[in-house]
Amino acid sequence: MKHLLYAAVALAAVAAPMAAAAQTERQDDRRELNEDRRDLHQDRRQADRDHREINQDRRDLRYDRARADSWRGRAEWRDFRGPRPGYWFAPGYGYRPISHFGWRRGTYVPVAYRGYYVQDWGYYGLRPPPPGYRWIYADGNFVLMAAATGLIADLVIHGY
């Protein structure tokens, strides 16, 4: 019996520091987990801020009729000198005489206009053209035409 008592005391003496160490490790693990959660939360908030800044930058890069300076600094608007009576400005192509063509869906774009491609349709808030179609500038309007035939699929009147 005495040996059993000594064995129990020895076991308790050995197990107590191990239990304390295990408890300390659990506390350290909890601390690390909390720090990781805090870091993750901060990273998410920073990502949200970055996302908002990117969206604001995209809005700033878009053409806006209400803001006269939204086109400044863009290469295709370099030759623009303001409105001129009887002419319309095709960004990147210069001033062209107004033709007063009746722009409607289902009609065909005159051959003279088929080369005035819109290079950056996203800047003007236009949707991407489907395969085989191109956005063009035409008398101050945006026209979505079939590249092969010139058939007008859609148009944005007074788009810029």
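Reply: A residue is buried under 20% relative accessible area, exposed over 50%, and partly exposed in between (1.4 Å probe, protein chains only). This is a predicted model, where local features need pLDDT of at least 70, side-chain atom pairs count only at pLDDT 80 or more, and totals for chains, interfaces and linings use all residues. Residues are numbered from 1 along each chain as its sequence is written, and side-chain values use heavy atoms, without hydrogens and water.

Me: How many salt bridges are there?

Reply: Side chains of opposite charge can pair when their charged atoms come close. The rule is a side-chain nitrogen of Lys or Arg within 4 Å of a carboxyl oxygen of Asp or Glu. Here the count is three salt bridges.

Me: Which residue does Arg 31 pair with?

Reply: Asp 28. Their closest N and O atoms are 2.9 Å apart. Both residues sit in helix 1, residues 2–61. Helices (H or I, at least four residues) and strands (E, at least two) are DSSP runs, numbered from the N terminus. Three residues separate Arg 31 from Asp 28, about one turn of the helix.

Me: Are Arg 31 and Asp 28 buried, exposed or partly exposed?

Reply: Arg 31 is partly exposed, at 48% relative accessible area. Asp 28 is partly exposed too, at 32%.

Me: What does Arg 105 pair with?

Reply: Arg 105 forms a salt bridge with Asp 154, with 3.0 Å between the closest N and O atoms. This pair links distant parts of the chain, 49 residues apart. Arg 105 is in the loop between strand 2 (94–97) and strand 3 (133–138), and Asp 154 is in strand 5 (residues 152–156). Arg 105 is exposed, at 60%. Asp 154 is buried, at 12%.

Me: And what is the partner of Arg 127?

Reply: Asp 154 again, with the closest N and O atoms 2.9 Å apart. Arg 127 lies in the loop between strand 2 and strand 3 and Asp 154 in strand 5, so the pair ties together parts 27 residues apart in sequence. Arg 127 is partly exposed, at 44%. Shared partners join Arg 105, Arg 127 and Asp 154 into one network of salt bridges.

Me: Which buried residue has no salt bridge?

Reply: Asp 139. Look in the loop between strand 3 and strand 4 (141–146). Lys and Arg count as positive, Asp and Glu as negative; His and the chain ends are not counted. The nearest side chain of opposite charge to Asp 139 is Arg 96, 9.5 Å away.

Me: What does Asp 139 touch?

Reply: Contact means heavy atoms within 4.5 Å. Leaving out residues up to four places away in sequence, Asp 139 touches several residues, including Trp 88, Ser 99, His 100 and Tyr 113.
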